[in-house]
Amino acid sequence: MKITISKDAVQWFQNEMEVVAGNTIRFFARYGGNSTIHTGYSLGVTKEKPVDIGESVTINDVVYFINETDLWYFKDYDLNVIVNDRNELHFTYEPIK
């Protein structure tokens, strides 16, 4: 799997979460909500240090990552992070080809 983050989303992280070079941003599976790939679960985002990185991408010296324990949520999918028309983060999942 891979993580793709749009330029607008990178800017969103800088503006809304005050992300700067050296920070680490975790994407994680959380109970509750309803994603397009797992009923009863949704994707959370937090600024925290990694424990056991399973997948990551580095942009402008910021590491965006998923811990090994959360990779089950993305099984067979790539994660795309964009900003929607309401200036909110939006996640799409593309089947791995």
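In this predicted model, 4 strands make up an open sheet whose order is 3-2-5-4, with mixed pairing.

| Strands | Direction | Bridges | Residues standing opposite |
|---|---|---|---|
| strand 1 and strand 6 | parallel | 3 bridges | I3 and L79 |
| strand 6 and strand 7 | antiparallel | 7 bridges | V81 and F91 |

Strand 6 and strand 7 form a hairpin with 5 residues between them, and N87, which lies in the turn, has a positive phi of about 60 degrees. Strand 6 is mostly covered, given that 5 of its 7 residues are buried.

The largest nonpolar core holds 25 residues, of which I5, F13, F27, Y64, L79 and V81 touch the most other members. At least two residues of this core come from each of strand 1 (3–5), helix 1 (7–16), strand 2 (24–34), strand 5 (62–67), strand 6 (77–83) and strand 7 (89–95), while helix 1 gives the most, with 4 residues. What is V81 in contact with, leaving aside its neighbours within four places in sequence? The contacts of V81 are T4, I5, S6, A9, F13, F27, L89, H90 and F91. In soluble globular proteins, nonpolar side chains tend to be buried together.

A search of the whole structure finds 10 aromatic pairs. One of these is formed by F27 and F91, whose ring centres are 6.2 Å apart and whose planes stand at 85 degrees, so the pair is edge-to-face. This pair links distant parts of the chain, since F27 belongs to strand 2 and F91 to strand 7, 64 residues apart, and both F27 and F91 are buried. W72 and Y73 also form an edge-to-face aromatic pair, with 5.8 Å from centre to centre and 85 degrees between the planes. Here W72 is partly exposed, its relative accessible area being 39%, whereas Y73 is buried, with a relative accessible area of 0%. Together with Y31, Y41, F74 and Y93, the residues W72 and Y73 form one aromatic cluster.

Methods:
Residues numbered from 1 in each chain as written. Predicted model: local features only at pLDDT ≥ 70, side-chain atom pairs only at ≥ 80, totals over all residues. Heavy atoms only, no water. Core = buried A, V, L, I, M, F, W, Y, C linked by side-chain atoms within 4.5 Å. Buried < 20%, exposed > 50% of the residue type's maximum accessible area, 1.4 Å probe, protein only. Contact = heavy atoms within 4.5 Å. Pairing = 2+ DSSP bridges. Phe/Tyr/Trp six-rings, centres within 6.5 Å; stacked < 30°, edge-to-face > 60°.
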